[in-house]
Amino acid sequence: MKRPTILVLGAGYGGLTTIVNLQKLINTHEAEIILVNKNDYHYETTWLHEVGAGTISPDKARYPISKVINDNVTFVIANVENIDVNTKKVETSAGEFTYDYLVIGLGFEGETFGIPGLKEHALSLTNINTARQVREHIEYQFASWILDEVKDDSKLTIVVGGAGFTGIEFLGELGNRIPELCREFDIPQEKVRLLCVEAAPTVLPGFDPELVDYAQEQLRKKGVEFSIGTPIVEATAEGVKIKKDEGNTEFIKAGTVVWAAGVRGNALIESSGIKSNRARIAVREDMRAPGFDDVFIVGDCAFLLNEETGRPYPPTAQIAMQQGAIIAKNIKHIMNDEPTEVFVYDDKGAVCSLGQEDAIGTAFGRKFTGKPASALKKVVDDRALYLVGGVGLTLKKGKFKFI
Ligand code: FAD
Ligand code: NAD
């Protein structure tokens, strides 16, 4: 009898956790396991704010996938171009694949809500290359300002759209990096403007208000200005337009605009044949797609409602990794004609970094700020490495000086 084929798309937190668990549970005689990812490396999406600000190098935030998979897995480096769950065909730049079990873990894209000019003019922290582009763009603006005979200080203005976790973490890193850059480029630091624009009435909407106050105060000390309750409504090559009270607008000239105001699932989801909303699929309780018993969705492409609060769980690496582990088990269960397990999210809390030595967080029923919170964040980052690649990978790539 032919071995079933398990096809996993994407080697982010969700896809790679599925793979490392599958390779432990299922041997080559039982199934063919294929992983398709567009790069030969995995990147730590949760470190992209550091890559973008230039406080760590892009290489620090990635590792070869070959280091964490074994001979049970066939790894194909290819771009997924189309998924059709009705014909069970996946088209990629390396050819067409079919499957008995499909796991879609293609991650997120920035959500621009149709705001004019954002796609063309704003940068983002979506993957390792967009983060590298942010870093290099800021450095280019600094380098050209110093060469300009007639100086336009707006070149040194960095606008961050969105004060969710991504925007705040990026601003925290910039707070560390800007003084270094100013020294490197001989630029007086008072010429640099860091502006955070948030649509909601508060930064980090929904997070603990005491911790939010702490974060805002710490970032202010690093020179960050806040424009709160003022959505960005347009971006141009010159900067952004924000909406103020009573419908008035203001244009802010800026050399760099980074859009960090929300995410949606990978666009390929929308043509896959499965019902979705903002490219996220409302999964069943065992992580399978509605109506398709052979298709699992993991990570930011999955939508799960928290029955207690009636609100969706936020798309995070934490939940993606937990889902990956359960999906691997459920594939094994189905192959053994056993009932599948229900996914139950174990919320371990949230930590938002505010730069290299500062953070805020909630965990173990407590609130953390400052160095203890920052140490906790590094432990969380290292734990993700450990769960995928064990001690070896953690020692090689980890932020272990704090553990
Ligand atoms: P991803 O990690 O995005 O991986 C998707 C994979 O699919 C990538 O390897 C990509 O290359 C690949 N891929 C995409 N398209 C294709 C294609 N067409 N063909 C082939 N391969 C493709 N969450 C936390 O829990 N804690 C944090 O501290 C945290 N910090 C964050 C910091 C930042 C700056 C950002 C942006 C997000 C952060 N998050 C954090 C959220 C977290 O990173 C995401 O929820 C998580 O990455 C989702 O995992 P995923 O596996 O669904 O997708
Ligand atoms: P988000 O959706 O959490 O936050 C986006 C912010 O942008 C919101 O505050 C929103 O009000 C604001 N916004 C929306 N439209 C706007 C506009 N037109 N102008 C100005 N502001 C606007 O997105 P995110 O911060 O990218 O986070 C995405 C996911 O990743 C979340 O689930 C988050 O929890 C997770 N994440 C976690 C961490 C961490 O745990 N340390 C870090 C980064 C991201």
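Me: Which residues line the largest cavity?
Reply: The model is predicted, and a search of the whole structure finds 1 cavity of 30 Å³ or more. Its volume is about 40 Å³. Strand 23 (302–303) and helix 7 each supply at least two residues of the lining. The lining of the largest cavity consists of Arg280, Gly299, Ala302, Phe303, Leu304, Tyr313, Pro314, Pro315, Ile319 and Gln323.

Me: How many residues of the lining of the largest cavity are nonpolar, polar and charged?
Reply: Arg280 and Phe303 are among the lining residues. Sorted by class, the lining of the largest cavity has 7 nonpolar, 2 polar and 1 charged residues.

Me: Which element gives the largest share of the shell around ligand 1?
Reply: A backbone N or O atom of Asp300 lies 2.8 Å from an oxygen atom of ligand 1. The elements with two or more residues in the shell around ligand 1 are helix 1 (13–25), helix 5 (165–185) and helix 7 (317–335). With 3 residues, the largest share comes from helix 7.

Me: What percentage of the area that ligand 1 exposes when taken alone does the protein bury?
Reply: Polar side-chain atoms of Asn79 and Asn266 each lie 3.2 Å from a nitrogen atom of ligand 1. Taken alone, ligand 1 exposes 1000 Å². Of that area, the protein buries 91%.

Me: Which residues come nearest to ligand 2?
Reply: The shell around ligand 2 holds 24 residues, which divide into 16 nonpolar, 5 polar and 3 charged. Those that come nearest are Thr166, Glu198, Ile232, Pro315 and Val351.

Me: What percentage of the area that ligand 2 exposes when taken alone does the protein bury?
Reply: Backbone N or O atoms come within 3.1 Å of an oxygen atom of ligand 2 at Phe165 and 2.9 Å at Pro315. A polar backbone atom of Ala199 is 3.1 Å from a nitrogen atom of ligand 2. Ligand 2 taken alone exposes 840 Å², and the share buried by the protein is 76%.

Me: Which element gives the most to the shell around ligand 2?
Reply: Two or more residues of the shell around ligand 2 come from each of helix 5 and strand 13 (193–198). The one that gives the most, with 3 residues, is helix 5.

Note on methods
Residues are numbered from 1 along each chain as its sequence is written. Chains are lettered from A and ligands numbered from 1 in the order in which they are written. This is a predicted model: local features need pLDDT of at least 70, side-chain atom pairs count only at pLDDT 80 or more; totals for chains, interfaces and linings use all residues. Side-chain values use heavy atoms; hydrogens and water are left out. A polar contact is a pair of N or O atoms within 3.5 Å; within protein, one must be able to donate a hydrogen and the other to accept it, and residues adjacent in sequence count only if both atoms are side-chain atoms. Accessible areas come from the Shrake-Rupley method with a 1.4 Å probe; for residues, only the protein chains shown count as cover. Helices (H or I, at least four residues) and strands (E, at least two) are DSSP runs, numbered from the N terminus. On a 1 Å grid over the protein atoms alone, a cavity is a set of points where a 1.4 Å probe fits but cannot get out, and a pocket is an open set with protein on both sides within 12 Å along at least five of seven lines; lining residues have an atom within 4 Å of a point. Grid points are joined across faces, edges and corners, and a volume is the space filled by probe spheres set on the points. Ala, Val, Leu, Ile, Met, Phe, Trp, Tyr, Cys and Pro count as nonpolar, Asp, Glu, Lys and Arg as charged, and the others, Gly among them, as polar. A residue is near a molecule or strand if one of its heavy atoms lies within 4 Å of it.
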